[in-house]
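Here is a friendly walk through the model for anyone opening it for the first time. Please keep the structure in view as you read, and follow the points in order.

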Amino acid sequence: MRRGLHNRHIQLIALGGAIGTGLFYGAADSIGAAGPAVALCYLVGGAIIYLIMRALGEMSTHRPTSGAFSEYAHDYWGELPGFVSGWNYWFNYVAVSMAELSVVGIYVNYWFPSVPSWVSAAVLLVAVTAINLLHVRAYGEFEFWFAIVKVVAIVAMVLLGLWIIVFGAGGHAATGISNLWNDGGFAPHGLAGLAIGFVVVMFSFGGVELVGITAGEATDPRRTIPRAINQVVHRILLFYVCAVLVIVAIVPWRTIDGNSSPFVQIFDRVGVPGAATILNIVVLTAAVSAYNSGLYSNGRMLHSLAHQGNAPAILGRVSRHGAPWVAILVSSAMTLIAVVLVAVLPKQAFGYIMSIALVAGIINWSMIVITQMKFRRRADAATLASLTFRMPGAPVTNWIVLAALAATVVIMATSPTYRIAVIIGPIWVALLIAAHTLAKRAGHRRAHTGQS
């Protein structure tokens with residue numbers, strides 16, 4: 001593969017991966033659980049994600065590679081962790097991609113109610129797959145402009161929302177900010193509501209670790225990766241917290257029903273001409289962008305696993321444009337499951353897929369943090385002295401992050417919606433361990449047969 005991604009590509013790719021359905025659609029679930037206090041969930045979740053990103057950034061700037069944390073886990077922890085990390089990340093982003101596909105139909109139905117949701121999902125899948133088969137710079141350009149649309153839209157939405165709060169719009173009086181506490185208080189469901197809201201929020205932040213995947217195709221990774229991590233996390237926190245506060249200030253939090261994007265719903269309700277239509281275009285673009293990022297990372301991860309010997313060699317094939325085309329097509333084929341789920345379970349698909357994606361994400365994040373501790377233990381004095389982008393507060397902060405992730409799993413186990421993912425997670429890891437064991441035995445048998 002080729003180093004065709006510049007700093008502007010990498011920063012917007014990371015934003016594109018993290019600012020997607022989790023914010024534009026999933027915010028309805030987090031607001032419903034926590035009320036206006038959901039802003040606190042974003043602040044706490046953002047701090048945890050920032051530390052995870054710093055742990056990954058320390059290793060990515062030291063040794064940039066498209067295999068990212070899978071290769072780091074393989075080299076600093078062992079063959080089995082590398083195998084589990086790589087395949088789990090691929091599984092994670094298949095689920096994330098499926099989540100993005102599952103809501104596309106909802107956005108399209110805003111204009112065309114008669115179009116089946118699964119048709120919209122299938123069209124998006126084909127289009128994004130075609131984009132990813134092009135040169136990596138073409139992918140970077142597509143994602144750059146997709147993400148620009150989202151960022152500009154969020155900023156414009158926040159500014160318009162502030163105008164409505166202070167001056168009113170569409171013939172409606174200024175809303176003020178009393179909705180933040182009028183309907184049951186700032187945290188109407190108490191700590192229990194904050195806990196469930198935190199689960200949805202953590203799913204929303206999934207995708208920022210994509211920065212580590214881009215390191216292998218960055219033109220100057222030791223400069224661009226630290227800058228991208230520091231700036232992207234700060235911007236995501238700003239966008240998420242401000243955007244959600246504007247939503248719950250303009251309309252009472254109980255009126256956000258989840259039948260469409262909360263962003264579209266509030267501007268439809270206050271009667272701002274054309275705003276809801278424009279925002280629906282934006283949230284549709286957001287889903288395309290996040291799915292685009294997901295397919296990109298999946299292709300690179302399968303390519304890396306093939307070169308580690310942890311996946312069939314055919315997945316390591318690269319086109320003349322530098323794209324891992326076989327890995328991209330296999331990953332795209334797997335996300336077809338989302339099209340089927342949307343057809344069979346149109347209402348429940350997003351919730352189930354989101355919870356599975358979050359559990360896989362928690363496994364990824366935990367392995368990143370543990371791998372960084374292993375890296376530090378293996379590094380000699382000269383290597384440690386040469387690190388230019390360190391994990392702050394390590395190893396204490398590593399343990400804080402792991403405790404927070406464990407608490408997230410416990411919270412998920414108490415919710416009927418998310419409990420299935422807590423069951424699937426350990427089964428999935430057990431299957432990966434079994435697959436690695438069988439692959440090793442098959443390799444030993446082949447080697448023995450060859451020697452004899």
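**Notes on the model**

1. Please keep in mind that the model is predicted. The second largest cavity holds about 60 Å³ of space, and the count of cavities of 30 Å³ or more comes to 3.

2. Which helices build this lining? At least two residues of the lining of the second largest cavity come from each of helix H6 (79–109), helix H9 (190–205) and helix H16 (349–378). With 4 residues, H16 gives the most to this lining. By type, the lining residues of the second largest cavity divide into 6 nonpolar, 3 polar and 1 charged.

3. Now step back to the whole chain. The chain has 19 helices and 0 strands. Of its 452 residues, 59% count as buried. Among the contacts in the chain with a separation of 6 or more, 81% are between residues 24 or more positions apart.

4. H4 covers residues 38–62, which makes 25 residues, and reaches 36 Å from its first C-alpha to its last, close to the 36 Å expected at 1.5 Å a residue. H4 is mostly covered, with 20 of its 25 residues buried.

5. Helix H13 (residues 275–308) can be checked in the same manner. Its 34 residues should span 50 Å at 1.5 Å a residue, and the end C-alpha atoms of H13 are 49 Å apart, which agrees. Since 30 of the 34 residues of H13 are buried, this helix is largely enclosed by the rest of the structure. Just after H13 comes Gly-309, which takes a positive phi of about 85°. As background, most residues other than glycine have a negative phi.

6. How many aromatic pairs are there? The count comes to 11 aromatic pairs. In one of them, the rings of Tyr-42 and Phe-205 have centres 6.1 Å apart and planes at 80°, so this pair is edge-to-face. Tyr-42 sits in helix H4 and Phe-205 in helix H9, so the pair ties together parts that are 163 residues apart in sequence. Both Tyr-42 and Phe-205 are buried. Together with Tyr-240, Tyr-42 and Phe-205 form one aromatic cluster.

7. Another pair to look at is Tyr-110 with Trp-111. Their ring centres are 6.1 Å apart and their planes meet at 80°, so Tyr-110 and Trp-111 are edge-to-face. Are these residues buried, partly exposed or exposed? Tyr-110 is partly exposed, because its relative accessible area is 29%. Trp-111 is also partly exposed, with a relative accessible area of 30%.

8. His-436 deserves a look of its own. His-436 lies in helix H19 (residues 416–451). With a relative accessible area of 10%, His-436 is buried, because the cut-off for buried is under 20%. Which residues does His-436 contact, leaving aside its neighbours within four places in sequence? They are Glu-79, Leu-80, Phe-83 and Asn-310.

9. Ile-164 is in helix H8 (residues 136–166) and counts as buried, at 2% relative accessibility. The C-alpha atoms of Ile-164 and Val-246 are separated by 9.4 Å, although the two are 82 residues apart along the chain. Val-126, in helix H7 (residues 117–132), is exposed, because its relative accessible area is 56%.

10. Is the bond from Ala-394 to Pro-395 cis or trans? This bond is cis, with omega near 0°. Pro-395 is placed in the loop between helix H17 (381–386) and helix H18 (396–413). For context, most peptide bonds are trans.

Methods. Residues are numbered from 1 along each chain as its sequence is written. This is a predicted model: local features need pLDDT of at least 70, side-chain atom pairs count only at pLDDT 80 or more; totals for chains, interfaces and linings use all residues. Side-chain values use heavy atoms; hydrogens and water are left out. The expected span of a helix is 1.5 Å times one less than its number of residues. Buried means under 20% relative accessible area, exposed over 50%, partly exposed in between (1.4 Å probe, protein chains only). On a 1 Å grid over the protein atoms alone, a cavity is a set of points where a 1.4 Å probe fits but cannot get out, and a pocket is an open set with protein on both sides within 12 Å along at least five of seven lines; lining residues have an atom within 4 Å of a point. Grid points are joined across faces, edges and corners, and a volume is the space filled by probe spheres set on the points. Ala, Val, Leu, Ile, Met, Phe, Trp, Tyr, Cys and Pro count as nonpolar, Asp, Glu, Lys and Arg as charged, and the others, Gly among them, as polar. Contact means heavy atoms within 4.5 Å. Rings of Phe, Tyr and Trp (its six-membered ring) pair if their centres lie within 6.5 Å; planes under 30 degrees apart count as stacked, over 60 as edge-to-face and the rest as tilted.
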